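Here is a friendly briefing to read with the sequence and the 3D view side by side. Take it one topic at a time, and find each element on the screen as you go.

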Amino acid sequence: MAQACAEYLAAGANRHPSAADWDVLSGLLAYGADRNVALWQPQNETSKGVYALLSGHTDVVNAIKFVPESPGLLLSGSVDKTVKIWRKDPTSEQYICTQTLSDHQNSINCIGVSSRSPKIFVTGSADSMVKVWALDDQNVASLQQTITITPRFFPLSLALSNLAGAPNSYVLAVAGTKDIIQLYIRDSTKTPDFKLQAILSGHEGWIRSLEFTQESFDPKSDLILASASQDKYIRLWRIHQGKELPTAAAAADPSLGAFLPGKSLSNKAHRFKADDLDFSATFEALLLGHEDWIYSTRWRAVGGKLQLLSASADNSLAIWEPDEATGVWITVARMGEISAEKGSTTATGSTGGFWTGLWSPSGETVVCLGRTGCWRLWDHDLAADRWVQGVGISGHTQSVTGIAWSKGGDYLLSTSSDQTTRLHAKWKRDDLVSWHEMARPQIHGYDLNCIDSLGASKFVSGADEKLLRVFNEPKAVANMLRTLCGFSGSHVEDMPDAANMPVLGLSNKAIEAVDDDQEIAPQGNPKDRNALDPASIVRKSTLSLDHPPLEDQLSRHTLWPEIEKLYGHGYEISALAASHDGSLVATACKATSIDHAVIRIFETEHWHEIKPPLMAHSLTVARLRFSSDDRFLLSVGRDRQWAVFQRDEEEKEAGGKDESQKSTTYKLAESNPKGHSRMILDAAWAPMSGTVTAFATAGRDKQVKIWAREEASTGAGGYVCKATIAEDAPVTAVDFMNVCLADGARTYLAVGAEVGRVRIYCVDVKQAFSVAELEVEYQSPYPYSSKAITQLAWKPTGTSGEKAEGIEMEMELAVASEDSSLRVYSINPSSSSGSLIESRTC
């Protein structure tokens, strides 16, 4: 049985203020990543990113909460109307789903837990209901109460706490798409139900976050509720036990009139009873300082003094505490992008701000979630008393549409519907190795569809536009990769210094790095279309780093300059392939007629199209692949046919000159209009084995077919279906390893399905064409994607002459999926090849 180990899992976080939580007990951070739950240890010494993706939800995960005082208990709520309870298995140390609650009628938006009571939690949904749940000793949840919110609004935040002095009674704060906060009280002496007791008004926008804390460690101290709103303010409310009002409520801060002209702050006391004790809820303080919507607030759980962390759409994270002398709440630290320069809100900035901020269990680290799905991290430097940014994690936030290894296998490129292309590689230092996003070569205005690598330091990508773009690696990125990852591109000295994107453009322009002490002259005309974004000017030391680039650097300073555009197609680009020697690029576009379903080939020396375009298909071409020696080009499409084009090199006189130049053209050698009974979605060439050429095709008809022919056979022989692999779902991706094993006949074929499952087969591509499934054991109980696999790519390995052991140590498979995840598995096959599946011939 083969062992598969997840070397790298990358998935961007969902943009929702409730979609993440950091566990006080284990130091584990869980966040929603599309319909998965990602688990990450931010303070791990090895800097390894996400170590597990939990799948089970059938739609986007909106809310995540760890249950306090219950080790290894996690709650997740989703747009699929369910709440799932995950429990850490004590033997395997893996989280598994133990219960699914499907009582809500609409999307779950928030979950509330009480910091001192692990046996109760609440869930809020877009059905305008809040449900109260109890957990028994086996951590099985049962519904206790359903609260219908009136006046009707959608709850966006919930906060739950025991009442001070009445430990069996609870207060529940509910807020959302109105400007009020409702306080519900559960009086343990009278009724097990929550009853509405007070409505706190004052905010002027939707309320996105609520959180309770105790003022001090004394169990009878007052509760403080923080509420953050889209009106750009944070309000603090005090819940006090006793008949007399707290002293602070007697007089509001007179200085506030200067900030809020014409508005008087209401200081109404809301009184209620619980456990025969009197309580009052009063307005405590108004926190001003953010310039845009505030998405989240979190209280620091450790230390003697109160501190509040707020995350806002103005791209800043602020830490607030009361001034010791006056008691007025002030900002003591501010992190993020505090920039009035152009660039803080352009394509390369972080428009959309920070969606959530979290404290670490120790309170010495904070993280925040940005628009690009990345986590930024800051550590508190006690000696200097300042916050220092550290290495976070990142990932795509939409379907990963294409992946390509560099020709040497040094790095992996991925491209996505989130309009970015990202470069991933291993950070090597001493004995530690970890995968990271090392560059973001392309940030585009169109969804990207496909990508391929041209040599060591170029790539070509296609998007939902009619042209393709070719990019060259800049010197700054090449030097950084050499320092951190131990490999260098070719012709580094000839590379441009760096790249920059004009404020209103889509084309990355090559720029020269400026000296560190050079003053930047202000832009002459800010409305100039080609005006450079001052925030993304690259200085010579910008990428001289001893760690992977941080999010600000990724989104501004690691762009690759565009060197060419390839025109010719009439619709959005659907597929492309680069030849193995890097001399040709074959491209296709979306098509509904034979005129547009053509394959255009460009040579990469002068970037001219080689006419005429290749015709065979009548609908969109889904995949193009060059054979390992570039003699053949294979295309498959939605019209259910595959076509093989053969290279035809002619000597042609070069326009009146004496010397002749070779023109590489391809001619249709063979096609099969009924290769599958449904559309063909992917194809791959097997490595050459003797005189046999073979390829696999993957269809929506739930089959993978392996076609082969003898080189000696004439055109009459053609390709014959030698084996058929039946899958239990439509097959969306296939890929062969680029070398045969030691026996020279067998190789591995990876097959990805629409349901997210990946299977690996050992295929004889020389004679027998027997197919055996390799049984793969994964370390995680949830090894597969939760949506369709979009592409599979084996890391290129050495030539076929090597020993099998040498190859097998280097078996790495990259998996791209519609669930926004990118996974790299290292696979270590044992001597046995699993159970043999009977080979069937068409």
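Strand S7 (residues 73–78) and strand S8 (residues 83–88) pair in the antiparallel sense, with five bridges between them. Keep in mind that this is a predicted model. Once you have found that pair, the topics below will take you around the rest of the chain.

- Asn 62 sits in strand S6.
- Is Asn 62 buried or exposed? Asn 62 is buried, because its relative accessible area is 7% and the cut-off for buried is under 20%.
- Leaving aside neighbours within four places in sequence, Asn 62 is in contact with several residues, including His 16, Ser 18, Gly 77, Ser 78 and Asn 109.

**A second open sheet, and a surface patch**
- Another open sheet of four strands runs in the order S23-S24-S25-S26, again with antiparallel pairing.
- Its edge strands are strand S23 (294–299) and S26, and each of them pairs on one side only.
- Here the twist averages 20° from one strand to the next.
- Seven bridges join S25 and S26 in the antiparallel sense, and Ile 319 stands opposite Ala 333 in S26.
- Look in the loop between strand S25 (316–322) and strand S26 (329–336) to find Val 328.
- Val 328 is partly exposed, with a relative accessible area of 39%.
- Together with Ile 330 and Val 332, Val 328 forms a nonpolar patch on the surface, with about 210 Å² of accessible area in total.

- Strand S55 (residues 758–764) and S56 pair in the antiparallel sense over four bridges.
- Tyr 761 has Glu 773 in S56 as its bridge partner.
- The two strands, S55 and S56, form a hairpin with six residues between them. In the turn, Phe 769 has a positive phi of about 55°.
- In a regular strand the side chains alternate between the two faces of the sheet.
- You can follow such a pattern in strand S56 (residues 771–774): Val 771 and Glu 773 point one way, Ala 772 and Leu 774 point the other way, and all are buried.

**A helix and what it packs against**
- Which residues of helix H2 (residues 475–485) are buried? They are Ala 476, Val 477, Ala 478, Met 480, Leu 481, Leu 484 and Cys 485.
- An α-helix has 3.6 residues a turn, so residues three or four places apart point the same way.
- The buried residues of H2 pack against strand S33 (420–429) and strand S34 (432–443).

**The whole protein**
- The protein has four helices and 61 strands.
- Of its 842 residues, 59% are buried.
- Among contacts between residues at least 6 apart in sequence, 54% join residues at least 24 apart.
- The accessible surface comes to about 33300 Å², and 48% of that belongs to carbon and sulfur atoms.

Definitions and conventions
Residues are numbered from 1 along each chain as its sequence is written. This is a predicted model: local features need pLDDT of at least 70, side-chain atom pairs count only at pLDDT 80 or more; totals for chains, interfaces and linings use all residues. Side-chain values use heavy atoms; hydrogens and water are left out. Patches are made of residues with over 30% relative accessible area and no salt bridge: like charges are joined within 9 Å, nonpolar side chains (Val, Leu, Ile, Met, Phe, Trp, Tyr) within 5 Å. Accessible areas come from the Shrake-Rupley method with a 1.4 Å probe; for residues, only the protein chains shown count as cover. A salt bridge is a side-chain nitrogen of Lys or Arg within 4 Å of a carboxyl oxygen of Asp or Glu. Buried means under 20% relative accessible area, exposed over 50%, partly exposed in between (1.4 Å probe, protein chains only). Two strands pair if DSSP finds at least two bridges between them. Contact means heavy atoms within 4.5 Å. Axes are lines fitted to C-alpha atoms, for helices over the stretch in contact, and angles run from 0 to 180 degrees between N-to-C directions.
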